[in-house]
Amino acid sequence: MTRRRKTDRHLPACMYQKHGAYWLVRENRWHRLGTDLQAALVEYARLRERPKGGMVRLIDDALAQMRPKLAPSTAAQYEVAAKKLREILAEFEPSQVRPKHVAAIKVSMRDHPNMANRCLSGLRAGCALALEWQLVESNPVTGIRRHTEAKRDRYLTADELAAIRAAAAPRLQCIIDLLYLTGQRVSDVLKIRLSDLAPEGIRFQQGKTGAKLLVAWTPELRAAVERSKALQGNIRALTLFCNRRGKTPDYSTTREQWEEACAAAGVENAHIHDLRAKALTDAKRQGLNPTALAGHASAAMTERYIRAREVPVVQGPGFGGKGGSN
């Protein structure tokens, strides 16, 4: 329940008078509205304009605010979640959404816990906007626990990767090679600039963590980069990978091409992100430093990432060995 204000009771919610001016205060940020009350109220109304279109519009607004902070792959997942929420809540106004409705959405998607959690996160963000805009008195998603997400343990074998690569078009083959040989995320590999190709190797600044690293040249890595350059032909571009119009390929298109190559190769349950997991796992097996390659802050983080994909090699007893007496 909203607390009754003790000062400036003649002003609307979140509007205050201080130092001879009127201010709108949201999330501890002060927005100056002006010194004239009438003009300040007009500016207040503009800034506090409420969304129209019920939950559908609210979900769109929340997604627009979330998208700049998300990696392309994560943003694509939230796009799918938003589409599902629009369908489910098409007839709802924000004030009509209750915790029981949110719980029902969660239960109905229990067979897809990852997507269910994306829906909960998107809905929580939308209802937070509704709360800020005073369309609701509380956030109905608060108190609804997320599903426990199973850790992915898929490890691509060398034969599977070779089959997928053979079914891929030349540009996708180069992208696959760079993803595996550098161990970086898809979005970071797609945006490699020609200026990132240093004499010592390829410079990266990871979009997700901001970590900076340089992947040193190997004969295989140099060959993959040269093949990528050759695909550009006479196209002038700033990035290593580009289409015929000189634009960098986007994540969604690259993922779709990967899925088509997997289907053609007959390899199931293979995500393009599995290439990073394979690279880190193989780097550890080859005696390299997977933590440095991943750009993780700690070795423990890397171990959690690749542990599920490692299969312990054990040895059983032999019949000729010594055993206890019966």
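Residues are numbered from 1 along each chain as its sequence is written, and side-chain values use heavy atoms, without hydrogens and water. In this predicted model, local features need pLDDT of at least 70 and side-chain atom pairs count only at pLDDT 80 or more, whereas totals for chains, interfaces and linings use all residues.

The mean pLDDT of the chain is 86, and 91% of the residues score at least 70 (pLDDT being the predictor's confidence in each residue, from 0 to 100). Confidence is highest in helix H6 (residues 158–167), at a mean of 97, and lowest in helix H13 (residues 299–307), at 77; helices are DSSP runs of H or I with at least four residues, strands runs of E with at least two, numbered from the N terminus.

The axes of helices H7 (residues 170–182) and H10 (residues 251–265) come within 11 Å and cross at roughly 100°, so H7 is roughly perpendicular to H10 (65 to 115 degrees). Leu-172, Ile-175 and Ile-176 of H7 make the contact with Thr-254, Gln-257, Trp-258 and Ala-261 of H10 (heavy atoms within 4.5 Å).

Two aromatic pairs were found (ring centres within 6.5 Å; planes under 30 degrees apart are stacked, over 60 edge-to-face, the rest tilted). The rings of Tyr-16 and Trp-30 are tilted, with centres 6.2 Å apart and planes at 40°. Tyr-16 belongs to strand E1 (residues 15–18) and Trp-30 to strand E3 (residues 29–34), so the pair ties together parts 14 residues apart in sequence. Trp-23 and Trp-30 form an edge-to-face pair, at 6.0 Å centre to centre and 70° between the planes.

Key: Axes fitted to C-alpha atoms, helices over the stretch in contact; angles between N-to-C directions. Parallel < 35°, antiparallel > 145°, perpendicular 65-115°, else oblique.
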